[in-house]
Amino acid sequence: MAEIHKLIVQKGKEAASSLADASIVNIAAGVLGDDRGGLGYTYSGLCLTALPHRRIPDDQPWERVGHKVKLLVEPGRLDVAGKTKLFGVPYGARARMILIYLITQAVKTNSREIALGRSMRAWLEAMGVTVGGETAKAFREQSMRIAACSMKFFWEAERGGTGFDKGGIVRKGLLFGDSIDTGDQPRLFDDTVVLDEVFYVAAKEHPVPLLEAAVRHLRDRSMSLDIYVWLAYRLHVLERPTPITWAAIHAQFGGGFKEARFFRRPFLEALEAATAAYPDAKVEIAEDSSGLILHPSRPPVGKLLGV
């Protein structure tokens, strides 16, 4: 991937077209050529674990194990039109985009109350998402799931303690009106959402900066988004090359794949996209095929932060 980035910088996108699929070259060129320099944020716990990539049964909880942390997400219920309805665990790229938006706004505004409506719509459109029709329905569904679910992190360092005592993400809000995208002033989201206090404090105390250009180019790739935020969190704090076994990679990212051998190919494809969006990432496949080797790397937002 380093060769692709080098060729794009020196000779342009076309020069790298023979080295990778066009979609990968477009990601790399898009990130390298972005001059907006926007910053987004996520929470460190979400860099070490992952939500499902696809829908699971609505009554089924979700567990993933990452580096010294375990994530437990449980479905929940909301009152909708006077009736209590079960909403399953959030999943896919849309859920990840919503969480990045909420955490980014919490970090930037120092407030649990996050503006939605036009503000979120503008951000999504800046991320390349056309909000309307089926896309609007997909965001509505994932927002309801995020509002209803319980999310807990169990950190190894805390000897069994939980990252969130309460386990919520949203205290109130994040619901939709009956009408979507109608009239001159489309209403997709409620005006505001209030984050759960414990989730807000955790996100504020442990934010991980992301390059918005990378998020924009990975917006439809849920596994690549997971890998990107994982590398953004881990690489710049490493002091030496660090091997990661396939078993550990599968435990963190392989939800939906029963066996690691069926997981490797889609993971490597997702890794290619993630590293295309993170030019300074130094990651290699171990020579003995036992997993990956992560190398100390400049953070993805190093230029913006002067690192």
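## Model and confidence

This is a predicted model, in which local features need pLDDT of at least 70, side-chain atom pairs count only at pLDDT 80 or more, and totals for chains, interfaces and linings use all residues. Residues are numbered from 1 along each chain as its sequence is written, and side-chain values use heavy atoms, with hydrogens and water left out.

The chain has a mean pLDDT (the predictor's confidence in each residue, from 0 to 100) of 86. A value of 70 or more is reached by 89% of its residues. Helix H9 (residues 222–234) has the highest confidence, at a mean of 97. Helix H12 (residues 302–305) has the lowest, at 66.

Residues 176–189 stay under 50 in pLDDT. Where pLDDT is low, the predicted coordinates should not be read in detail.

## Overall make-up

The chain holds 12 helices and 13 strands. These are DSSP runs, numbered from the N terminus: helices are H or I with at least four residues, strands E with at least two. Of 307 residues, 51% are buried (under 20% relative accessible area, 1.4 Å probe, protein chains only).

## The nonpolar core

The largest nonpolar core has 98 residues. Such a core is a set of buried Ala, Val, Leu, Ile, Met, Phe, Trp, Tyr and Cys residues joined through side-chain atoms within 4.5 Å. Ile227, Tyr228, Trp230 and Phe267 have the most contacts inside it. Helix H4 (residues 92–109) gives the largest share, 11 residues.

Beyond its neighbours within four places in sequence, Trp230 contacts Cys47, Leu48, Ile244, Gln252, Phe253, Leu292 and Leu294.

How values were computed:
Contact = heavy atoms within 4.5 Å. Buried < 20%, exposed > 50% of the residue type's maximum accessible area, 1.4 Å probe, protein only.
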